Amino acid sequence: MRFPLSMTVGMAGYIAKNRLRPPPEWQKDNSSKTGAANPFRIVHHNGGPRPGPHPMIRKRFPLVLMLEPLHACNLTCTGCGRIREYESVMTRKLSLEQCLGAVDECGAPIVSICGGEPLLYPQIGDLSEKILDRDRHIYLCTNGMFIQKRLHEFRPDPRFFLNVHLDGLEKSHDIAVEREGVFREAMDGLRAAKEAGFKVCTNTTIYKQTDMAEIEQLYEYLEQFGVDGHMLSPAYGYSAVNDREIFMTRDDIHEKFRDIDRLAKRFKLNATPVYQDFLQGRRDLPCTAWGNPTYNVMGWKGPCYLITDGHYQTFEELMTKTPWEDYGHGNDPRCEHCMVHCGYEPSAALGINAKAGDSLRLLSWALR
Ligand code: SF4
Ligand code: SF4
């Protein structure tokens with residue numbers, strides 16, 4: 001994820017503080033499988049084999065809270081697991097107090113408000129304002145269709161980003177979201193937000209069928225609006241989504257992201273350089289799903305944004321009852337082809353499996 005400089009500095013301080021003194025209440029292991037094989041055993045340090053478990057395994061703390069105030073959405077996108085997995089609780093929503101309680105409980109410096117479509121949440125303006133009052137950064141992930149209608153409920157702030165979902169140019173995007181006209185409405189919203197002085201990013205999911213040349217054209221097209229950054233992540237094969245043909249294997253992902261360096265040189269990509277290396281298959285990273293915890297109407301979702309093996313009522317329970325060692329590539333078949341940012345960007349940001357020169361690359365990426 002790309003941050004403004006002030007945010008990068010704040011995040012660096014937050015990481016340094018928590019690495020030095022990780023909150024002890026989150027490091028306990030109350031899972032039934034204490035002592036299970038440690039996924040960090042595969043991690044190598046500075047290119048060489050590193051004996052024993054990686055020190056971060058007992059330094060768990062969150063970087064980004066994925067807050068889902070509701071799961072209702074006005075669209076039914078082909079690859080969306082949320083509207084399918086949470087179909088039975090689609091009419092429920094978190095109260096404002098529950099949302100803020102989660103923000104306070106985990107203390108992550110960045111809050112990604114997602115869902116569902118968060119602009120359907122009645123108190124979305126209030127919620128954003130109160131999160132900013134707590135000096136957190138916000139990424140509000142939206143399909144863009146209600147931006148124009150609800151923009152007046154927000155105020156521009158350098159810590160507040162609208163993150164508009166765009167999976168391609170007009171034709172491809174409308175096919176992915178299964179409705180004609182969505183791209184145009186999202187673009188109208190994006191333009192209106194930029195004109196009103198808001199920070200706006202785009203968020204693109206890469207599927208097996210995605211043409212990366214078209215993503216480059218999309219970014220070229222968006223340049224005229226002064227978009228503040230682009231997130232992109234490979235799609236994950238949700239068990240709730242029947243269409244298995246759209247998801248990629250790790251090899252497919254490496255091939256798809258082969259030219260990401262060139263894209264990163266031309267455009268403001270929000271993916272960190274280390275995560276880009278990972279997507280290209282140049283570097284191994286372990287999953288650190290606890291870095292991006294998810295809270296929704298069912299509670300704290302474990303182990304991650306993608307897989308649901310349980311919901312916990314407190315953040316401490318999520319951190320201490322989830323058998324983290326059982327997840328990640330090579331540990332759980334469901335994780336086999338997962339390379340999504342919510343599992344692996346925290347590992348990159350935390351400097352796991354770091355190499356000489358990473359800090360410099362990160363700094364020049366943040367300054368660009
Ligand atoms: S807009 Fe987002 S939440 Fe709504 S169906 Fe599409 S992917 Fe799912
Ligand atoms: S590897 Fe992916 S699916 Fe598995 S726990 Fe990590 S984030 Fe979740």
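How many nonpolar, polar and charged residues does the lining of the second largest pocket have, by class? The lining has five nonpolar, six polar and three charged residues, where Ala, Val, Leu, Ile, Met, Phe, Trp, Tyr, Cys and Pro count as nonpolar, Asp, Glu, Lys and Arg as charged, and the others, Gly among them, as polar. The legends below concern a predicted model, in which local features need pLDDT of at least 70, side-chain atom pairs count only at pLDDT 80 or more, and totals for chains, interfaces and linings use all residues. Residues are numbered from 1 along each chain as its sequence is written, chains are lettered from A and ligands numbered from 1 in the order in which they are written, and side-chain values use heavy atoms, with hydrogens and water left out.

**Figure 1. The protein as a whole.** The secondary structure comprises 14 helices and 11 strands; helices (H or I, at least four residues) and strands (E, at least two) are DSSP runs, numbered from the N terminus. Of the 368 residues, 58% count as buried, a class that means under 20% relative accessible area, with exposed over 50% and partly exposed in between (1.4 Å probe, protein chains only). Among contacts with a separation of 6 or more, 76% are between residues 24 or more positions apart, a contact being heavy atoms within 4.5 Å.

**Figure 2. The second largest pocket.** This pocket holds about 320 Å³ of space. On a 1 Å grid over the protein atoms alone, a pocket is an open set of points where a 1.4 Å probe fits, with protein on both sides within 12 Å along at least five of seven lines, and lining residues have an atom within 4 Å of a point. Grid points are joined across faces, edges and corners, and a volume is the space filled by probe spheres set on the points. Of the 14 lining residues, Ser-172, Ala-176, Tyr-207, Gln-209 and Thr-210 lie nearest the centre. Helix 6 (170-176) and helix 8 (212-222) each supply at least two residues of the lining, and helix 6 provides the largest share, three residues.

**Figure 3. The largest pocket.** The volume of the largest pocket is about 390 Å³. Its lining consists of 21 residues, and Ala-348, Ala-349, Leu-350, Gly-351 and Leu-362 are those nearest its centre. At least two lining residues come from each of helix 1 (5-20), helix 11 (273-280), helix 13 (341-349) and helix 14 (358-367). Helix 1 gives the most, with five residues. By class, the lining has 14 nonpolar, four polar and three charged residues.

**Figure 4. The surroundings of ligand 1.** Cys-73, Leu-75, Cys-77, Cys-80, Ile-83, Gly-116 and Asn-143 surround ligand 1; a residue is near a molecule if one of its heavy atoms lies within 4 Å of it. This shell divides into five nonpolar, two polar and no charged residues. Gly-116 belongs to the loop between strand 4 (110-113) and helix 4 (124-133), and the peptide bond from Gly-115 to Gly-116 is cis, with omega near 15 degrees.

Figure 5. Around ligand 2 are Tyr-236, Cys-287, Cys-304, Leu-306, Ile-307, Tyr-327, Gly-328, Cys-335, Cys-338, Gly-343 and Tyr-344. By class, this shell has nine nonpolar, two polar and no charged residues.

**Figure 6. The nonpolar cores.** In soluble globular proteins, nonpolar side chains tend to be buried together. A nonpolar core is a set of buried Ala, Val, Leu, Ile, Met, Phe, Trp, Tyr and Cys residues joined through side-chain atoms within 4.5 Å. The largest nonpolar core has 104 residues, of which Leu-65, Leu-67 and Leu-127 touch the most other members. Another core, of five residues, lies apart from the largest one and includes Cys-77, Met-145, Val-177 and Val-182.

**Figure 7. Backbone details in loops and a strand.** Asp-135, in the loop between helix 4 and strand 5 (137-142), has a phi near 60 degrees, a positive value in a residue other than glycine. Asp-135 is exposed, with a relative accessible area of 53%. Glu-178, in the loop between helix 6 and helix 7 (182-195), also has a positive phi, near 60 degrees, and counts as partly exposed at 47% relative accessibility. A cis peptide bond with omega about 5 degrees joins Gly-302 and Pro-303, and Pro-303 lies in strand 10 (residues 299-303).
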